[in-house]
Amino acid sequence: MPQNNSHTVAFAAQFKQLERLLCASRPLWQNRSFECAQLPWSEAFPALAETVWQLADIELDEIDACQSRLNVLLLPSLRKDLLAAGKDWNLSLLLPNSLTAADTEVNTSTDTATEPLLDFGDMAHFSAHIKGRKWHQITAFSAKIPASNLPVLEWCAGKGHLGRLIAKLNQRSVTSLEWQQNLCDAGQQFADKWQLPQRFICADAFDAQQQQLKKEQLAVALHACGDLHVTLLKHARQAGTKQLVISPCCYHLIKAKFYQPLSNVAKETELLLSRADLQLPLQQSTIASEKHKQYRLKEIAWRLAFDSLQREMRQVDEYLPVPSIKQSQLSGSFEAFCRWAAASKQVVLNESIDWTHYQALGYERQRLTRRIDIVAHLFRAVLEKWLLLDRVCYLEESGYRVELSEFCANSVSPRNALISAFK
């Protein structure tokens, strides 16, 4: 199908709108909260600073988990500061569904399949050993597969849960590409048992010599991370693969130190995004159990407390990352945690340390970092949209007609964006 120039212009225009906002707002989101001794933007945004300090600690996670509530609480103060400074940011871009144009057409498109008329409850053998949320994601993604007779390539398949369901629903030939042999074996065993048209290929998705992508094919990828889904897009472009349906994830898992734009429009960007910057879209709190929430808050506070301690001991004012810890370590004493962290980083501790002082300092720093982060989170959806549109524009420049939509509710997965491309 020929490329739709009106879509191309619409997506490129949206991309540039987002870029202008992201460039202007960098002081609010492109920072490292754990390195800050105060709100890094408090002088330029005094009303916003006052507002975030008025937020109750106990409510921060719930506020963070709901983007609309976050906007309601913080945007009025941000607007006040911008007005006082004579700045005009397009804050409407932070609101849900503000970028319509091509998106509106996506939601009403007939090219994407509707929900299948299949009772998934009768497929217990398909969903066995798959966690509920993951199974919901797989079924929702499967429902968006375009109807055709093209064979399917499942990229980074794991055990092939997605490909298995596609093969079952549509009786379509599915090739599942996965680099771990044990996962391939487990998936093939299941496919053979239920006589499904699914075969596994054990291969590295990064190996450019693997000629698995073909022209007459539909390539699918559910939550392929970083360079993995980018590699799929590049290989598909080279092969001229007719259809792609992907849901990107984990944009920060890249080999390069900084983000490498794909599309021509993105290559003109002023944004320089580190791997840490690319983690911003993934930073959305989930309302976990109270026990797990307390463990998480305790770990962050203790890490920040040790950071204050190690800066004093080393007389070096810089952050020192500590290895991952087991949850059981948080059941011990704060002193024991610090001694473990010091030993792991070869930090020499003095004999007389006021452990209570540093522990209290850690919790105080945590109050600061959570507020720096929650302001940055105003822009997490905008940054993800920017990254998605880079991929969309790249595919359009390659001759595809592209649609950008959602395949499931945010409550099922915050990584619910769906890129569908057709030739």
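Ser 176 lies in strand 2 (residues 174–178) of a predicted model. Strands here are DSSP runs of E with at least two residues, and helices are runs of H or I with at least four; both are numbered from the N terminus. Ser 176 is buried, at a relative accessible area of 0%. Buried means under 20% relative accessible area, exposed means over 50%, and partly exposed lies in between (1.4 Å probe, protein chains only). Not counting residues up to four places away in sequence, Ser 176 touches Glu 154, Ala 157, Gly 160, Gln 198, Arg 199, Phe 200 and Ile 201. Contact means heavy atoms within 4.5 Å.

Residues are numbered from 1 along each chain as its sequence is written.

The mean pLDDT of the protein chain is 88, and 89% of its residues reach 70 or more. Over residues 1–6 the pLDDT is below 50, and this stretch has nine contacts in the model beyond near neighbours in sequence. Residues 98–119 also have pLDDT below 50, with 37 contacts beyond near neighbours in sequence. pLDDT is the predictor's confidence in each residue, on a scale from 0 to 100.

Strand 7 (residues 417–422) is mostly covered, with six of its six residues buried. Ala 417, Ile 419 and Ala 421 point one way from the strand. Leu 418, Ser 420 and Phe 422 point the other way. In a regular strand the side chains alternate between the two faces of the sheet. Strand 7 runs antiparallel to strand 5 (residues 243–249), to which four bridges join it. Within this pairing, Val 245 stands opposite Ser 420. Strand 6 (residues 401–406) is also antiparallel to strand 7, and six bridges join the two. Here Arg 401 has Phe 422 as its bridge partner. Two strands pair if DSSP finds at least two bridges between them.

Arg 365 is found in helix 14 (residues 355–376). Its relative accessible area is 12%, so Arg 365 is buried. The side chain of Arg 365 makes a polar contact with the side chain of Ser 308, at 3.0 Å. A polar contact is a pair of N or O atoms within 3.5 Å; within protein, one must be able to donate a hydrogen and the other to accept it, and residues adjacent in sequence count only if both atoms are side-chain atoms. Arg 365 touches Phe 34, Leu 304, Asp 307, Ser 308 and Arg 311, not counting residues up to four places away in sequence.

The cysteines form zero disulfides, a disulfide being a pair of cysteine sulfur atoms within 2.5 Å. Cys 156 is in no disulfide; its nearest cysteine sulfur, that of Cys 225, is 8.2 Å away. Cys 156 is found in the loop between strand 1 (152–154) and helix 9 (161–170). Its relative accessibility is 28%, so Cys 156 counts as partly exposed. Cys 156 has a positive phi of about 55° although it is not a glycine. Cys 250 has a positive phi near 50°, again in a residue other than glycine. Cys 250 sits in the loop between strand 5 and helix 12 (290–314). Cys 250 is buried, with a relative accessible area of 14%.

How values were computed:
This is a predicted model: local features need pLDDT of at least 70, side-chain atom pairs count only at pLDDT 80 or more; totals for chains, interfaces and linings use all residues. Side-chain values use heavy atoms; hydrogens and water are left out.
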